[in-house]
Amino acid sequence: MLLCLHIWFLEVVSNCSDDGSHAKDHHLSLPVSTGDLTTSAMGEMEELRKEMENLKDQITAARKTFQDSTLQEAAAGVTVVGRVQLKTRKTLRGHLAKIYAMHWGTDSTLCVSASQDGKLIVWDTITTNKVNAIPLKSSWVMTCAYAPSGNLVACGGLDNMCSIYNLKGKDGNVKVMRELAAHTGYLSCCRFLSDTEIITSSGDCTCVLWDIETGTQKTVFAGHQGDAMSLGVSPDFKFFISGACDFTAKLWDIREAECRQTFGGHESDINAIGFFPNGNAVITGSDDATCKLYDLRADQELLTYQDASIMCGVTSLAPSKSGRLLLAGHDDFNVNIWDMLKAERVGVLAGHDNRVSCIGVSSDGMACCTGSWDSFLKIWN
Amino acid sequence: MSSKMQSSSSMAQARLMVQQLRMEARFEGIKVSKASSDLMRYCGEHAKNEPLLMGIPTSENPFKDKKPCTVL
């Protein structure tokens with residue numbers, strides 16, 4: 001029986017991190033302080049609260065009416081995939097401190113990584129050569145991204161900014177092309193839509209669509225009640241999903257500028273999020289040590305990936321090319337590999353000497369890359 | 001921010017949340033059985049092209065160092 005909980009918070013003071021610290025504070029459904037409201041305002045607040053409860057119940061009831069079955073039942077006849085044993089094929093050495101993020105280029109050969117040694121490195125994963133080593137103004141980097149074109153990379157972190165670098169500048173030097181500044185909290189994640197648009201998520205609880213050329217915000221996506229930690233763009237580039245410290249994932253329509261759906265169920269912060277390859281489902285990874293699969297068209301959670309022996313939070317995740325495998329990086333230095341349909345663990349990648357902070361599968365599906373606080377990246381297949 | 005401003009901003013926030021919930025309550029979904037079978041079909045159709053599942057022959061693995069052959 002799958003219950004999808006809609007968790008809503010009502011707070012007098014915003015609980016989003018705007019002091020630049022990496023604190024992920026939030027509070028669970030506190031009653032609103034009515035000390036400064038007039039009587040009629042108190043009345044309206046009470047009406048709003050009642051309507052919120054009614055709507056939450058309506059949504060839960062509607063989701064139950066779609067629940068004619070479960071994925072578990074539907075996949076009962078499917079055989080679990082055989083044990084998946086991947087080997088480390090390459091180790092990318094060069095960072096001098098914890099790696100916080102990595103992102104594959106679309107050519108499945110180059111990737112970019114970000115470390116708190118204050119560098120962005122673009123790697124040729126086949127030769128292990130460093131194509132670019134870009135020094136950053138702020139070493140407190142938390143995310144990086146590769147543009148689909150291969151022309152640009154971006155990064156950001158505790159400087160609250162998203163910096164865009166042009167890899168293909170005329171004189172061969174990699175320079176800052178634009179600094180996107182407006183967030184009032186740390187930059188947790190960024191993903192390019194194209195060379196002219198990028199989406200960011202922030203500790204200020206919002207996500208933003210930027211015009212890179214003008215350096216301005218095109219759209220602010222507000223709604224999360226906790227730090228937005230991670231985002232993913234749909235395969236058709238029309239939607240993006242965000243996971244946050246309010247324990248929910250949200251689906252956003254980029255051009256209509258609205259939140260379409262909200263998914264709850266996790267019992268702690270969502271640190272990682274990604275689309276299933278066909279764009280119809282979303283996978284989340286949380287500090288509650290589980291991953292969850294939500295179907296967008298059925299508007300609910302289909303499966304939870306959990307095991308009593310896994311007690312450490314999920315830091316990162318990536319689906320394999322067919323979607324059948326889910327790779328999840330944890331605080332306990334390992335990556336767990338799940339059969340996504342059967343919710344059974346079918347493999348482990350053990351090779352790092354510290355937390356796995358980031359993971360990505362190349363677009364041709366040939367390899368998985370992990371990045372760790374041990375300062376190394378590893379390529380597995 | 002004064003406490004009065006906080007209160008009126010929390011009222012505005014509450015109104016926005018109700019508006020959002022109203023929109024989400026209008027969502028028309030499909031049955032889980034259909035969603036599940038579509039996911040399973042996608043996995044099935046793409047499994048044979050899935051390198052991490054099917055394995056990669058050494059000659060086709062760009063990440064595997066190919067040992068040179070010596071003719072004895």
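When I say contact today, I mean heavy atoms within 4.5 Å. With that in hand, hello everyone, and let's look at how two chains meet.

Some ground rules: this is a predicted model, where local features need a pLDDT of at least 70, side-chain atom pairs count only at pLDDT 80 or more, and totals for chains, interfaces and linings use all residues. Residues are numbered from 1 along each chain as its sequence is written, chains are lettered from A and ligands numbered from 1 in the order in which they are written, and side-chain values use heavy atoms, with hydrogens and water left out.

How far should we trust it? The predictor gives the complex an ipTM of 0.87 and a pTM of 0.89. Where pLDDT is low, the predicted coordinates should not be read in detail.

Now the interface. How many residues of chain B are in contact with chain A? There are 45, and they touch 73 residues of chain A. Together the chains bury about 5,100 Å², of which 68% is on carbon and sulfur atoms. Buried area here is the accessible area (1.4 Å probe) that two parts lose on being put together, summed over both. B:Leu39, B:Leu52 and B:Phe63 supply 17% of what chain B buries against chain A, more than any other three residues.

The rule finds three salt bridges across the interface, each a side-chain nitrogen of Lys or Arg within 4 Å of a carboxyl oxygen of Asp or Glu. One of the salt bridges joins the side chains of A:Glu44 and B:Arg15, at 2.7 Å from N to O.

Which elements of chain B give two or more residues to this side? They are α1 (3-25), α2 (32-46) and α3 (51-54). Helices here are DSSP runs (H or I, at least four residues) and strands are E runs of at least two, numbered from the N terminus. The largest share, 17 residues, comes from α1(B).

Finally, chain A. The unreviewed UniProt entry places a coiled-coil region at residues 38-72; such annotations may be inferred rather than shown by experiment, and positions follow the numbering used here, with feature names shortened. That span is 86% helix and 0% strand, with its end C-alpha atoms 51 Å apart. Residues 314-348 are 0% helix and 66% strand, with end C-alpha atoms 14 Å apart.
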